[in-house]
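Me: I have a structure to go through and have not seen it before. Can you walk me through it?

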Amino acid sequence: MAGIVSYGAYIPIYRLSRAILGQVWGGGGKGEKAIANWDEDSITMAVEAGMDCLQGIEKRSVDALYFASTTPPFKEKQSASIIAAGLDLREDIIAADFCSSLRSGTIALRAALDAVKAGSARQVLVIASDCRPPAPNSAFEPLFGDGAAAFLVGTEGVVAEIAASYYLTSEFIDIWRLECDLLPRTWEERFVLDEGYEPHMKKAFNALLKANNATVKDFAKAAFYAPTARSHGAMARAIGLDAKTQVQDPLFDSLGNTGAAFAPMILVAALEEAKPGDQILLGNYGDGADAHIVKVAPGIEKLKDRRGIKRHLESKVMLENYGKYLKFKNLIQFEETPMTRTRTSLPAMWRDRNWQYRCHGHKCNNCGKTQYPLQKRCMYCQAEATFLEEVPLSDRKGVLFTYSMDERAAVVDPPNVLAAVNLEGGGRIFSQMTDRDVNNLRVGMPMELTFRKIHDALGVHNYSWKCRPARA
Amino acid sequence: MAEPIKDKVAIVGMGCTKFGERWDTDITDMIAEAVDEALKDAGVELKDMEAIWLGTQWGSQVVEGGVVTGTLLSSTLQTQYVPVTRVENACGTGAESLRGATFALAAKAYDLVLVVGVEKCKDMGFGGLPSVWIGRWEPVYGAFGSGPGRYAMAATAYFSKYGLSNEEGKRVLAEISVKSHYYGARNPKAHLRREVTVEQVMNAPMIAWPLGLFDCCGVTDGASAAVLCRTEDARRFRDDYITIKAFGMAASPGWGKEREDFDFTYWDATQAAARAAYAEAGIKEPRKELDVVELHDCFTIAELIASESLFLCDEGKFKEQMTDRRAYYHDGEMPVNTSGGLKSFGHPIGASGCREVYEIYKQIQKKVEEPSRQIANVQMGLAHNQGGHPGKFVCGATVVGTP
C-alpha cells in the first residue's frame, strides 16, 4: 500500500483584506488572501511546509525530494536542491523540480508513488509551493494567495492511501506566462471555464469513479481545485456533491488560490479533519486534470499536532495598506539610492553552506556548549576543531534576548530588526527578525527559526536563516 | 624582556581640522590641513619626518572600494621616499596608528615621526557610514547589520537588565546627548554645534530603536595629526609637551553576540584594554586619577557602557554616579568628552583616535579653543578608541599626561 505517511503545510503570516483592494480600485470583495513576506518565495515556503511535514520523522529516511511550483525562483538552477539543503536532507538523494503546470503538485505526487511502489525510494517528500504575482487591478489580484503543502510518500506507516488515480493530459491553454513575463496572462473567462476547467475536471472525476465502480456518495469529502469560488461551487453541484457536508472548504475567503499548491493544501485541510475509514475525492486541474481516491487509515489521528492549514490560517497579521502589498510582491519600482548596495559571493556561500543553508551549529565535546555559526575553535573554551561536532539547530525554539530596530537600513521593509535569540538546548543565533509586529516585541518572547531570502545581491537569491516570533 | 612604554615617547605637536560635512574639501585637503597645523605647532617641517603612520578606514576609495596605501599621503604632501604605513582597525584606527609610531620611536628606529588620521565620509550620497566592505561574513551573515542597529541591541539589553522602562532608559541616554551637544556648542572645530534639550533628544526621529537621531554621532569629514619623538628630545620642540603613559590594546575573541553568556551590557575588550593601560600607567582608581577622559561615544549607549567598562563608574550605576551627579561635565568629578566627543565633535573614522588625544593635549596645555570648557587642572587623561560593535571590539586605551 502506497500513500501519504505524513503531511504539512505553510501559509505566510500576512493577509491582505480584499476590502483594501476595493478601496484602491473600487468594487467589493469579501475575505482576505495570504501574502508571502518580501523575503519569502516558493523555495522558502517549501522549506516551511517540509519542516511542518517532517516533524518527528528521521530526515535520513527521505530518499527523494520533488518540488512542484509555477514560480520557481530560479529560471535556470534547480529549486529542490536548495529546499533539500534548507531541510537538511541527505546529500545522496534525488531532487527534482516539477514546474510550469498548475497541476504539478499531483503530477509530482504520482511520480513519488511510482518511485516508492517500484522500490527505488523508501520515502519521497513532495512539496507544492506557489507564490504567483497577479497584475494590479486584474481579476487575479483578489484571487491569488501564497502557500505550500508537503506530503511524505511511502509504503510504511501510510495514513492516507492513494487508492486510485486518473490522469488526463490536455494541450488546452487558459493561463500562462511566457519566459519574459512577470505576470500571468489569460483568455476570456467563459472560454477558460466552459471549455477548459469544467469539462476537463468533470471528465477526470467521472472516469475515476467509473473505473473504480464508485459514486460521489462514497466520499466523506471532496478536495479539489477550481480557478474561482464560483466555479468551485458549480463543479460541486455538477458532480452531485452535497454542498453542506461533502465539500472541503476551498478557502477562497481566507487563503486565496495558491496555484500549484492549491489542491494539495485543500487535501491537507481535509486530512486534518478526516477520520480513519474516510474516503476523500481529490481533484486537480491545469494542462488537463487528475482525480484520486484517497483512503484515510487509522494512523491519521497521530498527525493532528502540527500547524498544517488550520493553525497557520489562525496565525495572521493583516497588511495595513496596498503599498506594503505591492512592495512585498515586488510589483512597484522604488527610488534607488547610493545606499542600496549589497554584494554576494558564491564561493563564500558554498563554503558556508552547512550553516547558512542547513543551520548547523557546533557542539563542543570539550565544554558541551552549542554555538552558531560553525567555528574554527570553540568560542567558549577555545578547544580545537576536533572537539567540535556539527548539530542541526533549525528545529530549536528560542527566546528573544535582545533586539533593535534599524529604521535606516536599506532593506525592503524597514525597520531592519536585529535580534539575539537564545535557543532551547543551547546556542544563540544572531540574525535578522522577520514576520514581526514592531509594536509588540519584548525581550523574553518565544522565537523560532525560519529559512528566508536575505537579499538578491548581484542577481542571485541569497538564502539563510532568520528568526521570527513563534507562530501560534 | 619587555619594558613598559611609560613616559618614553612624547607628543610635541598636534593638529586637527574643522570637523563636519565638508562638501568643498577633499581627503587630500584635510590631510594637508591637519599636518600643517601639527608641524607648525611642533615647529618642525615635513622633511624632518622620518616615518609616517596614516590611519584611515576607507582612504580615498570610499566610493568604489579598493586599495589604499601610504601613497595617499605621500602623493598628497609630496614626501620623498620615507615610509608611510597605512593603518586600519575600523573605528579604532587612530589609537593603533599612534601605537605603531610610539613603539617605532621606543625601538629607536626613528627620532621624529608623524601620525595622521583622516576620513572622508560624506562623498557617499546618504546619511550613514560608507558600506564598501566585502568581509568574511558577507554575503548573508549579519547582512544589513549597521552600527546603530548593533549598538541599539546593547541599549535594549541594558534597559532590560537594570529594569529601566524604555522612557527611563532613553532619558538617561538623552542626558548624555545633552552634555555632548553642550560641549559641541563650545568647540569651534566640532561638527555639531547646537545645544539640545532632553525633550528634543527623546522626541527625535528614530534611527535604530531605541536610539534616536540625537543618540547617534554625526557622519563626519575630518583629519587629525600628531608629531612624536622620544621624551629625551622633546624639549628641543616645546616645554609643554605631553608623554604617552600607556597603551592598552585588546582584540576581543569576537563572538560576544553569539555567546549565551554575553549580555551586551559590558564590553570585554574595553575592560581588558583599560586594565592593561591602567596597570602600565600605574592607575589604581581611574575615576580619581584621570582628570579627563575622551571616550569613544559613537552612540549615547556607547558612552554609558564604555564608562562602566573603563571603570569610571560601577557597573549598572551610570545614572547614579555619572548622570545624577553631573560627574561627566568639565567641572564634575569625572569629566568625559569635554570636546563634544564623537557624538558632537564628530567621528571621521580614521581621525577619531588621534583627535581624542588632541583634546587631552589641549586640555593639559590649557589651550582648548573655547575657554568655557577648559578643565582647571589636567595632569593625566585617557583616550578610549574602539572599532567593531558590541560583542566584537578591538579597543585601544591610551593614557597621556604631563611628563
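**Working through the model**

Reply: Start with a hairpin: β12(A) and β13(A) form it with two residues between them, and A:Gly286 in the turn has a positive phi of about 140°. Strands here are DSSP runs (E, at least two residues) and helices are H or I runs of at least four, numbered from the N terminus.

Me: What kind of model is this, and how are residues and chains labelled?
Reply: This is a predicted model, in which local features need pLDDT of at least 70 and side-chain atom pairs count only at pLDDT 80 or more, while totals for chains, interfaces and linings use all residues. Residues are numbered from 1 along each chain as its sequence is written, and chains are lettered from A and ligands numbered from 1 in the order in which they are written.

Me: Is β13(A) mostly covered or mostly open?
Reply: Mostly covered: seven of the nine residues of β13(A), which spans 288-296, are buried. A residue is buried if 20 or more other C-beta atoms lie within 10 Å of its own, exposed if 12 or fewer, and partly exposed in between, with C-beta atoms placed from the backbone.

Me: New topic. What is the strand order in the three-stranded sheet of chain A?
Reply: β16-β15-β17, an open sheet with antiparallel pairing. β16 (370-371) and β17 (388-392) of chain A are the edge strands, each pairing on one side only. Strand β15 (residues 360-364) pairs with β16(A) over two bridges, and A:Lys363 stands opposite A:Thr370 in β16(A).

Me: What about domains in chain A?
Reply: There are domain 1 (3-328) and domain 2 (397-472); such bounds come from an automatic or database domain assignment. Their centres, taken over C-alpha atoms, are separated by 28 Å. Their contact takes 20 residues from domain 1 and 13 residues from domain 2. Two residues are in contact if their C-beta atoms, placed from the backbone, lie within 7 Å.

Me: Which element gives the most on the domain 1 side?
Reply: α2(A), with four residues. α2 (42-54), α3 (80-86) and α8 (310-314) of chain A each supply at least two residues of that side. By type, the domain 1 side divides into eight nonpolar, four polar and eight charged residues. Ala, Val, Leu, Ile, Met, Phe, Trp, Tyr, Cys and Pro count as nonpolar, Asp, Glu, Lys and Arg as charged, and the others, Gly among them, as polar.

Me: Tell me more about α4(B).
Reply: α4(B) has 15 residues and reaches 22 Å from its first C-alpha to its last, close to the 21 Å expected at 1.5 Å a residue; the expected span is 1.5 Å times one less than the number of residues. B:Gly163, which follows α4(B), has a positive phi near 65°.

Me: Last one. Which residues have the most contacts inside the largest nonpolar core?
Reply: A:Val126 and B:Val116, in a core of 254 residues. Domains 1 and 2 of chain A both give residues to this core, so it lies between them. A nonpolar core is a set of buried Ala, Val, Leu, Ile, Met, Phe, Trp, Tyr and Cys residues joined through C-beta atoms within 7 Å. A second, separate core of five residues includes A:Cys364, A:Met379, A:Leu388 and B:Trp255.

Technical notes. Pairing = 2+ DSSP bridges.
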